[in-house]
Amino acid sequence: MVTIFGSPVLWTSRKQDNVSQSSTEAEYVALLATANEANWVKELLIEWGWNTNRPTQIYEDNQQVIRLVHNGQVNTRAKYLTVKLAALHDMIKRRQIEVKYVPSQDNWADVLTKTRGSGDDRFRFKKDSALGFRNRGEC
């Protein structure tokens, strides 16, 4: 989910094209897709006259993925990830993106990909807020 000044402007939820052998591999692929989308939005904003030298902040709830993209080393059997991880590591080194940790319960992108029980009020509030249902308690 890409937000500008706290408002969602771009989001997607779909199955990945390839089968991952672990959640870490799946997170690599999703993180690269997010970084590419965020860079596209940033380039569009620059074209419209909004310039910034700050890296785009991307929030990730998998701490192992954050460590691996920062040090740029792949310790997986999936060779296709080497190129993806190198691309992410390069974006970090060039200060295009900054990958930060966010606890899973505070991850707004999970609204698009996770289902929660009806008793989880915090998740329901986020989903309602993201979809524009404020104080109505319905989705």
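The model is predicted, and it holds five helices and four strands, which follow one another along the sequence in the pattern β-β-α-β-α-α-β-α-α. Of the 139 residues of the protein, 29% count as buried.

**Overall architecture**

- Among contacts between residues at least 6 apart in sequence, 59% join residues that are at least 24 apart.
- The protein exposes about 9,500 Å², of which carbon and sulfur atoms supply 50%.

**The nonpolar core**

- In soluble globular proteins, nonpolar side chains tend to be buried together.
- In this model the largest nonpolar core has 17 residues, and those with the most contacts inside it are Tyr 28, Leu 31, Ala 35, Val 69, Leu 88, Ile 97 and Val 99.
- At least two residues of this core come from each of helix H1 (23-47), helix H2 (63-71), helix H3 (80-93) and strand E4 (97-101).
- Ala 35, one of the residues with the most contacts inside the core, touches Ile 58, Leu 88, Met 91 and Ile 97 when residues up to four places away in sequence are not counted.

**The salt bridge**

- Side chains of opposite charge can pair when their charged atoms come close.
- A search of the whole structure finds one salt bridge, and in the pairing of Arg 94 with Asp 90 the side chains meet at 3.1 Å, taken from N to O.
- Asp 90 has a relative accessibility of 31% and therefore counts as partly exposed, since the buried class requires a value under 20% and the exposed class a value over 50%.

**Asn 36 in helix H1**

- Asn 36 is placed in helix H1, and because its relative accessibility is 42%, this residue counts as partly exposed.
- Although 52 residues separate Asn 36 from Leu 88 in sequence, their C-alpha atoms are 9.3 Å apart in space.

**His 89 in helix H3**

- His 89 lies in helix H3, and with a relative accessibility of 18% this residue counts as buried, because buried means under 20%.
- Once the neighbours within four places in sequence are left aside, His 89 is in contact with Val 69, His 70, Asn 71 and Gly 72.
- Of these partners of His 89, Val 69 is also listed among the residues with the most contacts inside the largest nonpolar core.

Definitions and conventions: Residues numbered from 1 in each chain as written. Predicted model: local features only at pLDDT ≥ 70, side-chain atom pairs only at ≥ 80, totals over all residues. Heavy atoms only, no water. Core = buried A, V, L, I, M, F, W, Y, C linked by side-chain atoms within 4.5 Å. Buried < 20%, exposed > 50% of the residue type's maximum accessible area, 1.4 Å probe, protein only. Contact = heavy atoms within 4.5 Å. Salt bridge = Lys/Arg side-chain N within 4 Å of Asp/Glu carboxyl O. Areas by Shrake-Rupley, 256 points an atom, 1.4 Å probe, with all protein chains shown as cover.
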